[in-house]
Amino acid sequence: MMKGNLDKGILLISCPDREGIVSAVSTFLFTNGANIIHSDQHSTDPVLGHFFMRIEFSYPQLNEQLGELKRAFEETAAPFQMEWSITASSKKTRLAIFATKEDHCLQELIWRWQLGELHAEIGMVISNHLDFKELTESAGIPFYHVPVTKDSKAQATAEHLHLLEEQQIDTVILARYMQIIPEEIINLYHNDIINIHHSFLPAFIGGHPYQQAFDRGVKIIGATAHYVNAKLDEGPIIEQDITRITHRYNVSDLKRHGKDIERIVLYRAVKWHLEKRVIVHGNKTIVFQ
């Protein structure tokens, strides 16, 4: 809550580019009593392109007035064919983190959350192994063990869907979860599942990327955080980073250095998603930083 009983909100806009968009949006916010705190915009092409905008604003008692503000904005959005959302910053996203046996990404997210650097509630951690039960529960986060075998995938999916619904989860984070996410969950959480892939996509898709990188003799390795879609490791990319390596590195060295990149890349992607800084357009993302 801000001084003067003002709440902070975020407006995201994606629409065909044309004259008058910024003026129309600014006028709407002004005439409805909102104050723009920060505005950022991007156009793919000033003539035939697409327009993207992110605005942070303050508004009296936004939490109580959010529905009314949304209904009022429809009149401004319609002529510009806008895809848009207005959210109250006070509302925390509920996360479910899926993990398997590599703990570095899970540890990073829990640590950042404990430091208050992730504006979210971690509703639960789900794993197909028991390795992280103590780590998770010691942080005060519910832990669920859901085994996944060749014969139990349908049962595991049903249990996952039940837990996600029961815990009212908004976004799923795959913190080195080494199972294929079924389409039922992908369809339910469209652009709301974030995965960390331990290579610099689109190179080295699938399993054993560090062995692939070593065999290829690469000079840099990286990590990629992306939204999950039906195509393996081909969803819209949110964040990437790299580090240089030399011919002296073996596969274990690559993995050790890669873990450091993976954990920070996933953290950045999750943070930006939570702060409504990402707009998906086709198979690409616009990330306002």
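1. Helices here are DSSP runs of H or I with at least four residues, numbered from the N terminus, and in that numbering Tyr210 is placed in helix α7, which covers residues 209-216. The model under discussion is a predicted one, and the points below should be read with that in mind.

2. Is Tyr210 buried or exposed? Buried means under 20% relative accessible area, and Tyr210, at 6% relative accessibility, therefore counts as buried. Once its neighbours within four places in sequence are left aside, the contacts of Tyr210 are with His198, Ile221, Val251, Leu254, Lys255, Gly258, Lys259 and Glu262. A further relation across the chain is that between Tyr210 and Asp253, which stand 43 residues apart in sequence and whose C-alpha atoms are separated by 9.6 Å.

3. Helix α5 spans residues 153-166, and its 14 residues reach 20 Å from the first C-alpha to the last, which is close to the 20 Å expected at 1.5 Å a residue. The buried residues of α5 are Ala156, Thr157, His160, Leu163 and Leu164. Viewed down the axis of α5, these buried residues fall within an arc of 130 degrees, so they line one face of the helix. On the other side of α5, by contrast, Ala154, Gln155 and Glu165 are exposed.

4. As to what covers the buried residues of α5, the elements include the strands β5 (93-99), β6 (120-127), β7 (143-145) and β8 (171-174), together with helix α6 (183-188). After α5 comes Gln168, whose phi is positive, near 55 degrees.

5. Two further residues with positive phi deserve a careful look, and each is in a loop. Gln61 is found between β3 and α2, and although Gln61 is a residue other than glycine, its phi is positive, near 50 degrees; its relative accessible area of 37% makes Gln61 partly exposed. Lys276 is in the loop between α8 and β12 and, while not a glycine, has a positive phi of about 55 degrees; at a relative accessible area of 27%, Lys276 is partly exposed.

6. At least two lining residues are supplied by each of β1 (6-16), β3 (50-60), α2 (62-77), β4 (83-88), α8 (251-274) and β12 (278-281), with the largest share, six residues, coming from β4. By class, the lining of the largest pocket divides into twelve nonpolar, eleven polar and twelve charged residues.

7. The second largest pocket has a volume of about 420 Å³. Its lining consists of 22 residues, of which Gln179, Ile180, Asn195, Leu232 and Asp233 are the closest to its centre. Helix α6, which was named above among the elements covering the buried residues of α5, supplies at least two residues of the lining of the second largest pocket, as does β9 (193-197). The largest share of this lining, three residues, comes from β9, and the classes represented in the lining of the second largest pocket are ten nonpolar, eight polar and four charged residues.

Conventions
Residues are numbered from 1 along each chain as its sequence is written. This is a predicted model: local features need pLDDT of at least 70, side-chain atom pairs count only at pLDDT 80 or more; totals for chains, interfaces and linings use all residues. Side-chain values use heavy atoms; hydrogens and water are left out. The expected span of a helix is 1.5 Å times one less than its number of residues. Buried means under 20% relative accessible area, exposed over 50%, partly exposed in between (1.4 Å probe, protein chains only). The arc is that of the directions from the helix axis to the C-beta atoms. Contact means heavy atoms within 4.5 Å. Ala, Val, Leu, Ile, Met, Phe, Trp, Tyr, Cys and Pro count as nonpolar, Asp, Glu, Lys and Arg as charged, and the others, Gly among them, as polar. On a 1 Å grid over the protein atoms alone, a cavity is a set of points where a 1.4 Å probe fits but cannot get out, and a pocket is an open set with protein on both sides within 12 Å along at least five of seven lines; lining residues have an atom within 4 Å of a point. Grid points are joined across faces, edges and corners, and a volume is the space filled by probe spheres set on the points.
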